[in-house]
Amino acid sequence: MDLKQLKKGAEIGISLIKNTSDLEKWRIKYLGRKSILSLFFNSLSKLSLEEKKEQGQKANAIRQLFSSLYKKKKNDLENNLSVSSDFIDITQPGEKTYQGHLHPLTSTLNDITNSFQKMGFSIIEGPEIEAEYYNFDALNIPAGHPAREMWDTLWIKPTTKKEKSKMLLRTHTSPMQVRFMETNKPPFRIIVPGKCFRYEATDASHEIQFHQIEGLMVGENISLSNFKAIIEEVVKDIFKQKVLVRFRPSYFPFTSPGVEVDIKIKTKTKSQKSKSNDQWLEIMGAGMVHPDLFKRAGYVTNRWQGFAFGLGVERIAMIKYHIDDIRLFFSPDIRFLEQF
Amino acid sequence: MKFSYNWLKDLLKFKESPEKLADILTMHFAETTVKYCGKRAILDVELLSNQVAEASGHLGLAREIGAILEKKFIYPKINLKEKNLNTKDLLNIKTESSNCNCYLARILQGVKIKESPEWLKDALADCGVRSINNIVDAANYVMLETGQPLHTFDFDKISSKSATVDKKEIIVRQAKKNEKITTLEDEVYDLSEDIMVIADNKNLLALAGIKGGKESGIDKNTINIILESANFNGVNVRFTSKKLGLRTDASWRFEHNLPLDLTDYAVDRLAQLIQEVAGGDILKDKVGKGVSKKGKTLIPIKWENWEKFLGWPIKKKEIIHYLSLLGFSLQQKKDYLLAAPPCFRNDIKIKEDVMGEVARLYGIDKIHSVIPQEILAIPVQNEFFEFRKQTKDWLKGYNLEEVYNYSFISEEDKNILPNVWQQKLIEIQNPTSALTKYLRPTLLVNFLKNINYNFRFVNKIRFFEIGKYYFKNKESLKEHFVLSGVLAQKEKSNNSSALFYETKGIIEDLFNRFGVDKDNYSFKSLESNEYSLLLEQGTAIYKDKDLIGVIGIPKEYLLKKYDCEENVIFWEIKLLPLLEIVKEEREFQSLPKYPAIIRDISFIISQNILIDEILNIIQEASPFNLEDVDLFDVYVGENLSSGTKSLSFHLTFRSEDYTLKNEEVDKEMQKIYKVLKNIGGEIR
């Protein structure tokens, strides 16, 4: 028999083996009792003594080689050193799972409402299609009042010819101040999140629709100082990073006095200082509730006082996520949505 | 509004830099920024609506800065050298309209029209006003100085009172029907009776408070002039200006109800300035309807109110100090303060206004923050709000992206909609463009636009939105929150049924998460429902007899219109009715006492037989102890003849009264095999 041929076949065979069961098959084939090598040893008895000695030595060497190959391979397989189908490459990326994303306005709204809820404010909601009375007149902004200019309005086309009260798309969430007080007695603290609309030419910072959160807290002793404290707490809670808050005078016909609140993100390094970061950004109009509103709600005069505010949700989201164009919120683009 | 920094400095003699001044104004008055016109600093003050009457002139703003800087401001005194000839001998003013609060006129004779001196031109340029000639510029300058709009007429162009009397007459009246006026800029306006005009006996001279007329304007040959200083009703001026679409600096000022006292001071100041820049003689006195002295507004404020309202202890001395700086007259009583606002502050009406002024001057930013000492109370949960929030969170988990679309649809969108849908649209009276003409009656239309746009970037779209749709019901306007969404896949070859089942699965799972049992709602065909005009195939979700939502494939005409001829599944579910179902009481069911026996069954059956029918048939065949039937596998394809499907169910048998025996269940199974064979089922 050709021992050289046998040796070569066995060597190739064992190099391809990747698991122990194949190795066992190999062992039976090359080292088993019925292996070619065993049969060869058996056949030696028929040879002359000299031939027996020479061939026997060669075959013995091969048997020793085979057993050592076998032992090494067995050892390798058991210690997982050669490639196996069960092998885990811990550096390979994991299988992807898919999740959608909440819109940044939703997350921002949730953050803000959560903060106010922690401070004991209840959430109330109101209609987007609103009567002129609640949007304007009840807030001390009768027709002809110059302050109406502050709220460019989208009006609803009347459905019938008989002019009842004119309807519009609410320009702010403030109508809910009067609506709520008509049916509720103080003390209370509420917030009113909702969609609002303005007649507006859209650009990077103006939109025809936007969201506001109205706040109203009324009691016997709710003061301007209280307003300041509540807003400072909430702003701190919303922007986990530190922000500066600034209060300055403003005017709204349904407040007295009126206040405007600005914020500015604290930046430590120069590289963080972009233009938008270094400016005071207006986030809410506010003030002490005008006593005319209490009168309209039928409250006893001179007993109740409190504050109200209107917070711009888009504004907060834009500051929080460094979004520079308000129109991105309402033009669903997968490349934008997936980022949140 | 633009103010010249140098002008203010001349009036008040302060030391603050333009930037410092802008800061102070922002924190105590109104938002102010600094701009430069060459080397001259300009303050751009965003006057608040209530501040226009008080501070739209440099004098007013200087007075305000004086109060903030605690620097006494003194109004410049005017000394006029008047001629002996009296104005009333040459001019008569007739005020017929009740919209005219006061109207004063002076006459200057022998003026010389020419270019303005440089200082005057510069001052106007700083405030963004174009120079015309010395007379017009002087009038604009005094307006910028005092806040009072002024007008000048050419005396010789005004007609006489009558043919017999050689005396000019100016009439303030409402316009007549069909009257027209040509303004200085040659624009012609048609007037109506609700518009106030200035006229003589022949012509219209001006639109009161808005714009001068061409007939009476100053030109290069003018020698004698009439100065007008008047106060018109703000609402009427605003109305006219809106109606004619003509807004001017003057109309903007009048809209804000200027103080009446300004007229007198301003007309004298203008006479003085014109004499300075154009020469001429000032006639004695002024004519017209003067200001009737009003009693002062007195506002009593209890001393105890201050801390209660503002929130920090503030001393009487401080209160008096700040209010005096602002020009209030004060009387201190034992229990209260009697505050009278100065005549130029007609925006101060109630005690809160007065207390607010003190806070403003003190600095709202500096006041103490005090957490309110209120009763601790857990806020009332807003069920509907929380429900929507939870829904969004769960939908996100189904790999859906949340979007916010516009609440509007366009004229073009309207035209594609079926009649029934068109009729219930709510229309906007003054849309910003054709794109925002109607409120959306369904979220479908805008979603279809999203698909087309986003297929530029991806092949698969999974969007949802929770928002309102709007519609008209007879005369009432309705708005409802809905949960809508789309699943869309680019290749048409992929069958849309898989996408439909996926959507249905999401909806079912969502309902299940809210604990809504399948017994509480049902899927029916679209049939007569108005969504059937929008959807080709699909299902309607019902709670008893009420439609609460739909799932389906948009009709071909819609897909074509919005260029998304792909696989699209849309759904829309009314949220309030869904919440009602979620809120329905769920009772605990006692745990089963006896074990169940579960058998599986698989059979091949025609695809035309609906799963619902099969479920019903199985239930009817074994009405007593069959607890649950659960479809766990549907197979269509290789090895099955076309038009058939293979279905596999788990059947759970249980008795409430005893342990079922295998033989009993075998019997039940035989019944079920039989009915299934009856409808063509081939048991495997």
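A:Pro257 is placed in strand β7 of chain A; helices (H or I, at least four residues) and strands (E, at least two) are DSSP runs, numbered from the N terminus. A cis peptide bond joins A:Ser256 to A:Pro257, with omega at about -5°. The model is predicted, so that local features need pLDDT of at least 70 and side-chain atom pairs count only at pLDDT 80 or more, while totals for chains, interfaces and linings use all residues. Residues are numbered from 1 along each chain as its sequence is written, and chains are lettered from A and ligands numbered from 1 in the order in which they are written.

Chain A has another cis peptide bond, from A:Pro186 to A:Pro187, with omega near 0°. A:Pro187 lies in the loop between α7 (175–183) and β4 (188–197) of chain A. A further backbone feature is found at A:Asn302, which has a positive phi of about 65° although it is not a glycine. The loop that holds A:Asn302 runs between α9 (291–296) and β9 (305–312) of chain A.

Chain A is divided into domain 1 (3–78) and domain 2 (104–337); such bounds come from an automatic or database domain assignment. The C-alpha centres of these two domains of chain A lie 88 Å apart.

The contact between the chains takes 66 residues from chain A and 72 residues from chain B, two residues being in contact if their C-beta atoms, placed from the backbone, lie within 7 Å. On the side of chain A that touches chain B, the elements that give two or more residues are α5 (104–118), β1 (122–123), β5 (209–219), α8 (224–238), β6 (243–250), β7 (255–265) and α11 (334–337) of chain A. The largest share of that side, 6 residues, comes from α8(A). By residue type, the side of chain A divides into 34 nonpolar, 21 polar and 11 charged. Here Ala, Val, Leu, Ile, Met, Phe, Trp, Tyr, Cys and Pro count as nonpolar, Asp, Glu, Lys and Arg as charged, and the others, Gly among them, as polar.

For chain B, the domain assignment gives domain 1 (2–69), domain 2 (82–289), domain 3 (299–362), domain 4 (383–583) and domain 5 (597–683). The C-alpha centres of domain 2 and domain 4 of chain B lie 61 Å apart.

Chain B contains an open sheet of 3 strands in the order β17-β19-β18, with antiparallel pairing; two strands pair if DSSP finds at least two bridges between them. Its edge strands, each pairing on one side only, are β17 (299–302) and β18 (329–332) of chain B. The twist averages 20° from one strand to the next. Between β17(B) and the antiparallel strand β19 (residues 336–340) of chain B there are 4 bridges, and B:Ile299 has B:Ala339 of β19(B) as its bridge partner. Helix α12 (residues 351–362) of chain B packs on this sheet, touching β17 and β19 of chain B, and its direction makes about 70° with that of β17(B). Axes are lines fitted to C-alpha atoms, for helices over the stretch in contact, and angles run from 0 to 180 degrees between N-to-C directions.

A helix pair also occurs in chain B. The axes of α5 (residues 118–126) and α6 (residues 134–146) of chain B come within 10 Å and cross at roughly 50°. The contact is formed by B:Leu120, B:Ala123 and B:Leu124 of α5(B) with B:Asp137, B:Asn140 and B:Tyr141 of α6(B). These residues divide into 4 nonpolar, 1 polar and 1 charged.
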